[in-house]
Amino acid sequence: MGKLRESRFCRGVSRIWNNKFFGIIWIRLALLALVLNFVIEIFNRLSFFKAVVHTFTNPLVFLYNSLIIFFTLTFAAYVKKRIFAASVISLLWFALGVTNCVISANRKTPFTAPDFFNIAEGIKVMDQYLSPFVIVLLIALIAAAVGLIVLLAIKSPKFEGKINYLKCALASALTFGAMMLYLNIANATGLLAVTFGNIRQGYRDYGFNYCFCSSVFKMGISKPKDYSKDNVDNLIDKIEETNPAVESPTQGGTEGEDKPERKHPNIIFVQLESLFDPTLLNGLEFSEDPIPNLHRLYRNYSSGYLSVPSFGAGTANTEFEVITGMNLDDFGPGEYPYKTVLRENACESIGYYLKNYGYTVNALHNNDGDFYERNMVFSRLGFDTFTSVEYIEEYDVTPLGWAKDKCLIDEIVSILDTTIEQPDFIYTISVQGHGDYPEDTEDYFLPIKVSNNEITGNPDGFEYYVNEIHEMDTFVHELTDTLAKRDEECVVVFYGDHLPTFDMTDEDMKNGDIYQTQYVIWDNMGLSKEDRDVEAFQLSTLILEKLNLNGGIIARYHAAFMDSEDDEIYRENLKLLEYDILYGDCEAYKGELPYTITNLKMGHKDIRISSVRNITGHAIVNGQNFTSASQVLVNNEEVTTIFSNSSELVIDDYQLEDGDEIIVVQKTKAEKYLSSTSIYVYRDSESSTR
């Protein structure tokens, strides 16, 4: 009976599918688009139920996202093997949906087109987020998809009739026209947002297809409707009236009696990876204060909430806002300016400002130097040196393999010691708090216990995270204690780049915003305590104002107008300046960008070879400032290198010959060379035998 019913059901479905109406290819493709879009929304929301709710509560949004898929499927009608073509297009959409699902589940922000620029970075940290089983499973799925495509290419039937290319082209054109009309009406009525500051919420409100396509076609800053030389000049005049430019000491300026005293202390920014105050989460209890030192600083020094552009990931974008003063909301959805506009152009930054006051400009990071291509990008932001983990001799690592932040103290002190006669600007990027966080912590010693933390979706992982930031809090104390003992004035700005990758919502937070971290400004100069909440792109201006230092156009604009009552006009004019500086005619600078790309030096210490010699079975390279990332090349070929200490490398099982050319490079985990010593030519006279 069961087989009979099944047979009748199948025959019924077959009759419906093969009748005149459903036999029309456009109807079939439309139904396929609807089903495929629903599946993608399940992935987008990580929930079947939420996808159903979205479909019926936002039907017009759902239909537009389906229309996007349908437009791509219309091209399947142009070929004889229509089933094959439609399957390939569907698989591509399915792959995008799965990728979004995996990325959203792990880093808590959705998949965007700019992520294609970050494939190398993603591969580097893949093992931190995905288990070996999941990685193998993904590889198997990719292989299965490729196999299915090959099978369909061979086995799928051909359309027997004659293809009417005119009708096909007309269908594609009409679909595209309907998409554009629908989009314009939807944008005008607010059904679909043009921009979305909270990209994670944007994907949920407006659907994956629309948001992902927006990230493809909306790169950079769109040209403001009112962009013109006159409007930029008028805005510059307003800035001059409210916050006039002041000549810096290196430009021949002097301190007038009516001018506040300029202060030139060492300025250190410390961007703390994934750090936020966990006591701001509702309902949690801790066995002890997880960040007692930061809490003490918040009480005693200038502090406040910091609105950041990212949640769960996107360190480089918070970094970009802080360094440049530019608002990431004005760029394309999910865009990383480090991967786009800054590959070509220098950009106004706090580093360039401080050079006018004689500051050295240094970057420091206890992670890979080529991550987010900082080894290239920092030269576009005015930095003179960049010390990444490849240039740090000693450091401990977390159970997940990230370098602990304590090693940054010695590097900061070393930079300060090498430039006693000059003030230093050091932009420090920590990494210890980086996710993803383990779901099983039985093998870890975690002294701080967290109660009632089901809210995170990963209780063990959250407890692990709390203990890591407790160590970071100790690092904060040790750094300020070390700097307080130095006979130099110093200002240190501590802040979190974004919240960690846990499933948190605004409702879970006492401050009501998962896009807020905190900052605090420590100093040993007696600066007054002035608490206020700011955007990440306003933070550098806040520091310059406290020290009475002059910034560039962007910083002076913030100083003049960031307290404006009309926030909308403030942001529109900021976008006008950003577009002019990065994409326009540089009218703000009288037509010519005043900033030039620096000759960035990797590592603040010189790495040198002083001598090379053969010993029995090996060769020895002596020098200075070697690290575990040092790799010896002989005649431009890598040889097996063993790190002994900062002054000695061993070339294992190798004998040098007269005239061999030796260099030492600093090598990343991705096999990229960051810097190289000068060539050292070996001579037989240097040999010795033991």
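**Salt bridges and surface patches in a predicted model**

Let's start with a pair. Arg571 makes a salt bridge with Asp567, with the closest N and O atoms 2.7 Å apart. By salt bridge I mean a side-chain nitrogen of Lys or Arg within 4 Å of a carboxyl oxygen of Asp or Glu. Both residues sit in helix α20, four residues apart, about one turn of the helix. Helices here are DSSP runs of H or I, at least four residues; strands are runs of E, at least two; both are numbered from the N terminus. Arg571 is partly exposed at 23% relative accessible area. Asp567 is partly exposed too, at 38%. The cut-offs: buried is under 20%, exposed is over 50%, partly exposed is in between, with a 1.4 Å probe and protein chains only.

A word on the source. This is a predicted model: local features need pLDDT of at least 70, side-chain atom pairs count only at pLDDT 80 or more, and totals for chains, interfaces and linings use all residues. Residues are numbered from 1 along each chain as its sequence is written, and side-chain values use heavy atoms, leaving out hydrogens and water.

Now the whole protein. It has 20 helices and 20 strands. Of its 690 residues, 53% count as buried. The structure holds 21 salt bridges.

Buried or exposed: which is Glu41? Buried, at 0% relative accessibility. The Glu41 side chain meets that of Arg45 in a salt bridge, 2.8 Å from N to O. Arg45 is buried as well, at 12%. Because Glu41 and Arg45 are four residues apart in helix α2, about one helical turn separates them.

Compare Asp481 and Lys485. Their side chains also meet in a salt bridge, 3.4 Å from N to O. Asp481 is partly exposed at 34%. Lys485 is exposed at 66%.

On to patches. They are made of residues with over 30% relative accessible area and no salt bridge; like charges are joined within 9 Å, nonpolar side chains (Val, Leu, Ile, Met, Phe, Trp, Tyr) within 5 Å. Which residues form the negative one? Asp226, Glu565, Asp566, Glu568 and Glu572. Asp and Glu count as negative, Lys and Arg as positive; His and the chain ends are not counted. Each charge is placed at NZ of Lys, CZ of Arg, CG of Asp or CD of Glu. Asp566 lies in the loop between α19 (553-561) and α20 (567-582).

Last, a nonpolar patch. Leu31, Leu34, Leu60 and Leu63 make about 310 Å² of it, an area from the Shrake-Rupley method with a 1.4 Å probe, where for residues only the protein chains shown count as cover. Helices α2 (25-45) and α4 (59-73) each supply at least two of its residues.
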